[in-house]
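Here is a short report on one helix and on the charged pairs of a protein model. Have the structure open while reading.

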Amino acid sequence: MQPDDVTISITKRAVMYISAPSYEEYVARASPICRLLLRSRSREIRVSPEDQAFFCDYPEAVYVLAVVTDDSPATMAVLPVIAHIVNMSTRMDIRVLSDKSDLSSLQNLVGNEEWVQKLPGQELPTFLFFGEDWNHQEQWGPHPQAIEPYLDDWFNRFPFEKKSMGAEGEGTENRSAEL
């Protein structure tokens, strides 16, 4: 591979990444119910001073691509936390792709056609982590099967939440926080 080939490859990956909406753009485009839950969850996040210092001083560039199901309880619970952590650092960035988007360009970014083909059947969200050279470093998600009993229990106690994803009303924030 020639140096120019490497530059083109990195450029393609960077363009694909930045073409995805930022977290703020994703929230702004979300349905009113999802936007309420995402913003509510964001207000609940507390980070210790030690952890804040760690993320503020994190020396490496980290680019996070979240692949989400828009109205998933897991997306509403986890995406704001990851976005909050990323926003504490000047060396980190997050972008969000909905599973309703065209995900075919993910193959260029991840470099694994088989993984991209399996994506539609997986429980989302999934978070992909890339370094400064746009190499795929790590992945978090889909959520482990061990969480299913906890989600089932929560939905059994709050059956309306599964249908409405927490429509505004009394106790919505408490139920979402409990999730």
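Start with helix 3, residues 32–44. At 1.5 Å a residue, its 13 residues should span 18 Å, and the end C-alpha atoms are 19 Å apart, which agrees. Bear in mind that this is a predicted model.

Which residues of helix 3 are buried? They are Cys34, Leu37, Leu38 and Ser40. Seen down the helix axis, these buried residues fall within an arc of 165°, so they line one face of helix 3. Pro32 and Arg43 sit on the other side of the helix, where they are exposed.

**Salt bridges**

How many salt bridges does a search of the whole structure find? The search finds four. Three of them are taken up here, among them a pair within helix 3. As background, side chains of opposite charge can pair when their charged atoms come close.

| Salt bridge | Closest N and O atoms |
|---|---|
| Glu44 and Arg41 | 3.3 Å apart |
| Arg91 and Glu132 | 3.7 Å apart |
| Asp93 and Arg95 | 3.2 Å apart |

Take the helix 3 pair to begin with. Glu44 and Arg41 both lie in this helix. They are three residues apart, about one turn of the helix. Are they buried or exposed? Glu44 has 25% relative accessibility, so it counts as partly exposed. Arg41, at 22%, also counts as partly exposed. The cut-off for buried is under 20%.

Next comes the salt bridge of Arg91 with Glu132. This pair links distant parts of the chain, 41 residues apart. Arg91 is in the loop between helix 5 (73–87) and strand 2 (92–98). Glu132 is in the loop between strand 3 (126–130) and strand 4 (136–140). Arg91 is partly exposed, with a relative accessible area of 33%. Glu132 has a relative accessible area of 52% and is exposed, because exposed means over 50%.

That leaves the salt bridge between Asp93 and Arg95. Arg95 has 15% relative accessibility, under the 20% cut-off, so Arg95 counts as buried.

To look at these points in the model, begin with the buried face of helix 3, with Cys34, Leu37, Leu38 and Ser40.

Definitions and conventions
Residues are numbered from 1 along each chain as its sequence is written. This is a predicted model: local features need pLDDT of at least 70, side-chain atom pairs count only at pLDDT 80 or more; totals for chains, interfaces and linings use all residues. Side-chain values use heavy atoms; hydrogens and water are left out. Helices (H or I, at least four residues) and strands (E, at least two) are DSSP runs, numbered from the N terminus. The expected span of a helix is 1.5 Å times one less than its number of residues. Buried means under 20% relative accessible area, exposed over 50%, partly exposed in between (1.4 Å probe, protein chains only). The arc is that of the directions from the helix axis to the C-beta atoms. A salt bridge is a side-chain nitrogen of Lys or Arg within 4 Å of a carboxyl oxygen of Asp or Glu.
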